[in-house]
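Please keep the sequence and the structure in view while reading.

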Amino acid sequence: MDEITFIHGVGNGVLRKEIHKRLSQLGNIKYFQDTQKDQWGFGATLVRIS
């Protein structure tokens, strides 16, 4: 598995910010980004693991 999508919902962005903060501290993450709106809406983050 080299890809995972975290579904965190839209809300006020607290969970999204915390997920992005934690991911940016990990060394084995190739990249992470908000997913495309048509696939998951605005409330998900796609993570590519190296």
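A residue is called buried when its relative accessible area is under 20%, and exposed when that area is over 50%. The model discussed here is predicted.

**Overall architecture**

- The protein contains two helices and three strands.
- Along the sequence, these elements follow the pattern β-α-β-α-β.
- The radius of gyration is 11 Å, close to the 10 Å that the globule rule gives for 50 residues, so the protein is as compact as a globular protein of that length.
- Along the principal axes, the C-alpha atoms fill a box of roughly 30 × 20 × 10 Å.
- Of the 50 residues, 24% count as buried.
- The accessible surface amounts to about 3800 Å², and 53% of this surface belongs to carbon and sulfur atoms.
- Among contacts with a separation of 6 or more, 47% come from residues 24 or more positions apart.

**The sheet**

- The three strands form an open sheet in the order S1-S3-S2, with antiparallel pairing.
- S1 and S2 are the edge strands, since each pairs on one side only.
- On average, neighbouring strands of this sheet are turned by 20 degrees against each other, direction ignored.
- In general, the strands of a sheet pair through backbone hydrogen bonds, in either a parallel or an antiparallel manner.
- S1 and S3 run antiparallel and are joined by five bridges.
- Within this pairing, Ile4 stands opposite Val47 in S3, and Thr5 has Leu46 in S3 as its bridge partner.
- S2 and S3 likewise pair in the antiparallel sense, over five bridges.
- Asp34 has Thr45 in S3 as its bridge partner.

**Helix H1 and its two sides**

- H1 lies across S1, S2 and S3 and runs at about 165 degrees to S2.
- An α-helix has 3.6 residues a turn, so residues three or four places apart point the same way.

**His20 in its setting**

- Is His20 buried or exposed? With a relative accessibility of 14%, His20 counts as buried, because the limit for that class is under 20%.
- His20 is located in helix H1.
- Leaving aside residues up to four places away in sequence, His20 touches Phe32, Asp34 and Thr45.
- Two of these contact residues are also linked to one another, as Thr45 in S3 is the bridge partner of Asp34.

- Met1 is found in the segment before S1.
- Met1 has a relative accessible area of 84% and is therefore exposed, the limit for that class being over 50%.
- Met1 and Lys17 are 16 residues apart along the chain, and their C-alpha atoms are separated by 24 Å.

Definitions and conventions
Residues are numbered from 1 along each chain as its sequence is written. This is a predicted model: local features need pLDDT of at least 70, side-chain atom pairs count only at pLDDT 80 or more; totals for chains, interfaces and linings use all residues. Side-chain values use heavy atoms; hydrogens and water are left out. Helices (H or I, at least four residues) and strands (E, at least two) are DSSP runs, numbered from the N terminus. Buried means under 20% relative accessible area, exposed over 50%, partly exposed in between (1.4 Å probe, protein chains only). Contact means heavy atoms within 4.5 Å. Two strands pair if DSSP finds at least two bridges between them. Axes are lines fitted to C-alpha atoms, for helices over the stretch in contact, and angles run from 0 to 180 degrees between N-to-C directions. The radius of gyration is taken over C-alpha atoms; the globule rule is 2.2 Å times the number of residues to the power 0.38. Accessible areas come from the Shrake-Rupley method with a 1.4 Å probe; for residues, only the protein chains shown count as cover.
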